[in-house]
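Have the sequence and the coordinates open side by side.

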Amino acid sequence: MGRCREAAPTRCPWIMRPDDANVAGNVHGGTILKMIEEAGAIISTRHCNSQNGERCVAALARVERTDFLSPMCIGEVAHVSAEITYTSKHSVEVQVNVMSENILTGTKKLTNKATLWYVPLSLKNVDKVLEVPPVVYSRQEQEEEGRKRYEAQKLERMETKWRNGDIVQPVPNPEPNTVSYSQSSLIHLVGPSDCTLHGFVHGGVTMKLMDEVAGIVAARHCKTNIVTASVDAINFHDKIRKGCVITISGRMTFTSNKSMEIEVLVDADPVVDNSQKRYRAASAFFTYVSLSQEGKSLPVPQLVPETEDEKKRFEEGKGRYLQMKAKRQGPAEPQP
C-alpha cells in the first residue's frame, strides 16, 4: 500500500513497564493491540474532523489479521506509527506499524503490522455515522486496491455477525485437554476509565480484555508460558456503552503441533437499560504458542473435541490454519 496525501502519519512512543508484561517479561499482546488502536483512533479522528462540518469521533469497526512478528520486552520502547491508506464514504482504513527499540543497544525491530477500519460518529448523536473527507491518492491504483479491501472486509463482517449466535456454557468436571477444561470467562463492569468522552468503550480496551481471556485459555490448556502469535480479524458488531456489564468468553477451537487457536466472544448486557437485551458486541480468533523458560517453542497438547459442534469448530480452525500456512509459504514452485 502506498501513501495517501493529506494523511500525515501519527507517531507515538511508549516505554514498556512490568505491568504491561507476563511473568516471563514478554509484553502482553493485548497491551500492543491497545497501543495500535489508540494510534489508529487519533489519526482517523483527526482526519474526519479536518474539514468544516459536524464534529465527530472515530470508532473502531474492525481489525484485520495481525501477526506478532517478534516479542517485545519490559524496558523496550514501542514506536507506533499510523497512516491512512483508504477512505470510503463512511469509513477510514488505517495502517499501523509497531517497532520495538532497545534503548541500551539502539537495536530496533518490527513487531507488528495491523490494518484497522474506523467509522466517524457524530458528537451530537453517537448512533449517527457521518461522511468521511476524501483523501488524495498518489496513484490511481491505490484507490482501486483500497476499494477491493473495503468490499472484502464489509462482506466478512456481515458473515461473521450472522454466525455469532452461540454462547460458551460451563461444563462440570471437564477432562484435561478438552474444550471445556480450558474455556474461561471474564466479567467486567464498564466504567468511565474504559470509555471515550462520549460514553462508549475504546476498541483498544475491548481488545486488551479479549487477549487476556485468550491467554488464560491457552495457559490452562498447556500449563506453560504462552505468547500471542497472531489475531485473526476482530469484528466489532456494536458499540458498548458505559454502565454495561460485558462477558468476555474464550474457548479452544483448534491445535496444531505448536499453536493453539482460541475463539473469543464479547457479549454486552446493558443492565441500566431495560429496553435493550444482551447482545454480541465483538468476536475474534487468537493464536497462541507455548514457550519454554528459555523462550523456545514447545509442542502443544492436542485438543480433544467431544461434541459435534466442537468437532466442527476444530475442522474450521484447521482450515484457517492450513490456509495461513500456505499463504506464509507462498505459491509453490513450478515443477520442470
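**A buried serine, a helix and a loop**

S249 is buried, its relative accessible area being 4% (buried means under 20% relative accessible area, exposed over 50% and partly exposed in between, with a 1.4 Å probe and protein chains only). The model is predicted: local features need pLDDT of at least 70, side-chain atom pairs count only at pLDDT 80 or more, and totals for chains, interfaces and linings use all residues. Residues are numbered from 1 along each chain as its sequence is written, and side-chain values use heavy atoms, with hydrogens and water left out.

S249 belongs to strand β12 (helices, H or I of at least four residues, and strands, E of at least two, are DSSP runs numbered from the N terminus). Beyond its neighbours within four places in sequence, S249 is in contact with V168, S184, S185, V213, E263, V264 and L265, where contact means heavy atoms within 4.5 Å.

Strand β12 (245–255) is also among the elements that cover the buried residues of helix α5, which include α3 (179–182) and β13 (260–269). Those buried residues are E310, R313, F314, G317 and M324. They lie on the same side of α5 because they cover an arc of only 105° around the axis, the arc being that of the directions from the helix axis to the C-beta atoms. On the other side, E308, K312, Q323 and Q329 are exposed.

K124 sits in the loop between β7 (108–122) and β8 (136–137). With 75% relative accessibility, K124 counts as exposed. Its C-alpha atom is separated by 26 Å from that of K154, 30 residues apart along the chain.
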